[in-house]
Amino acid sequence: VFPSLAQAQASVANEVYQELGQPSVFLFCPTEYCSSLCSPSPSQSCYLQTIGQELLPGIGVIWTGPKVVSQELSAVLLEEVEAVLKRPPVIWDNLYANDYDCRRVFLGPYMGRAPGLMSRLHGLLLNPNCELQANFIPIHTLGTWFQSELGSCAHPDPAGTEVVTALGDNQDAQDGSYSPQEALELALRDWVAEINQQALEPGR
């Protein structure tokens, strides 16, 4: 019936979206949902080009970054993805996901995401550790990163390009920039307070 997988998927997604009354949040996860799955690249992928052209503009498209689990997200990559999808992507961030290897638990701060990314996104979803209690630091530091994004931690230089600070540096947050180390320390302080509060509850 359809000349390609992408056209079939876009047609079905569009029909469901319209049947539901075009809800404000409607997400589509493409078969090629990260750069490593694209052939030969996101911008040259016939599949993504078709999805970008055929999918109704109100439908959000999920993207995980360069890989399924991306250590870094850059503004340059997001610009390429936005251009081919004809919309800012919704990042499904697998930085903390451990469902593929439950022997590992990730307790570090949210990092590796360049300043100023939020302005290039339609949304951001965090795929957490499978262990509920282990997600305090990921969610807490994500909140700190998001607050810094709201404070605009990407500063344009005179040429109009962004000055991107290294996310791994232990920098001061006074200028609104995000410091993973400071975010981690804040999260640990609040986590200890939460643990102490729970310890005082009856039956603990």
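Here are a few friendly notes on this predicted model.

1. Let's start with Phe136. With a relative accessibility of 23%, Phe136 is classed as partly exposed, because the buried class ends at under 20%.

2. Phe136 also has an aromatic partner. Its ring pairs with that of Trp191 in a stacked arrangement, with 5.7 Å from centre to centre and 5° between the planes. Phe136 belongs to helix H4, while Trp191 sits in helix H5 (residues 180-200), so this pair ties together parts that are 55 residues apart in sequence.

3. How many aromatic pairs does the structure hold? There are three. Another of them joins Tyr110 and Trp145: the ring centres are 5.3 Å apart and the planes meet at 70°, so this pair is edge-to-face. The cut-off at work here is that planes over 60 degrees apart count as edge-to-face.

4. Where do these two residues lie? Tyr110 is found in the loop between strand E3 (90-93) and strand E4 (123-126), and Trp145 is in helix H4 (residues 136-150), so the contact ties together parts 35 residues apart in sequence.

5. Are Tyr110 and Trp145 buried or exposed? Tyr110 has 0% relative accessibility and therefore counts as buried. Trp145, at 2% relative accessibility, counts as buried too.

6. Val12, Val16 and Leu20 together make a nonpolar patch of about 260 Å². One of these residues, Val12, is part of helix H1, which covers residues 5-19.

How values were computed
Residues are numbered from 1 along each chain as its sequence is written. This is a predicted model: local features need pLDDT of at least 70, side-chain atom pairs count only at pLDDT 80 or more; totals for chains, interfaces and linings use all residues. Side-chain values use heavy atoms; hydrogens and water are left out. Patches are made of residues with over 30% relative accessible area and no salt bridge: like charges are joined within 9 Å, nonpolar side chains (Val, Leu, Ile, Met, Phe, Trp, Tyr) within 5 Å. Accessible areas come from the Shrake-Rupley method with a 1.4 Å probe; for residues, only the protein chains shown count as cover. A salt bridge is a side-chain nitrogen of Lys or Arg within 4 Å of a carboxyl oxygen of Asp or Glu. Helices (H or I, at least four residues) and strands (E, at least two) are DSSP runs, numbered from the N terminus. Rings of Phe, Tyr and Trp (its six-membered ring) pair if their centres lie within 6.5 Å; planes under 30 degrees apart count as stacked, over 60 as edge-to-face and the rest as tilted. Buried means under 20% relative accessible area, exposed over 50%, partly exposed in between (1.4 Å probe, protein chains only).
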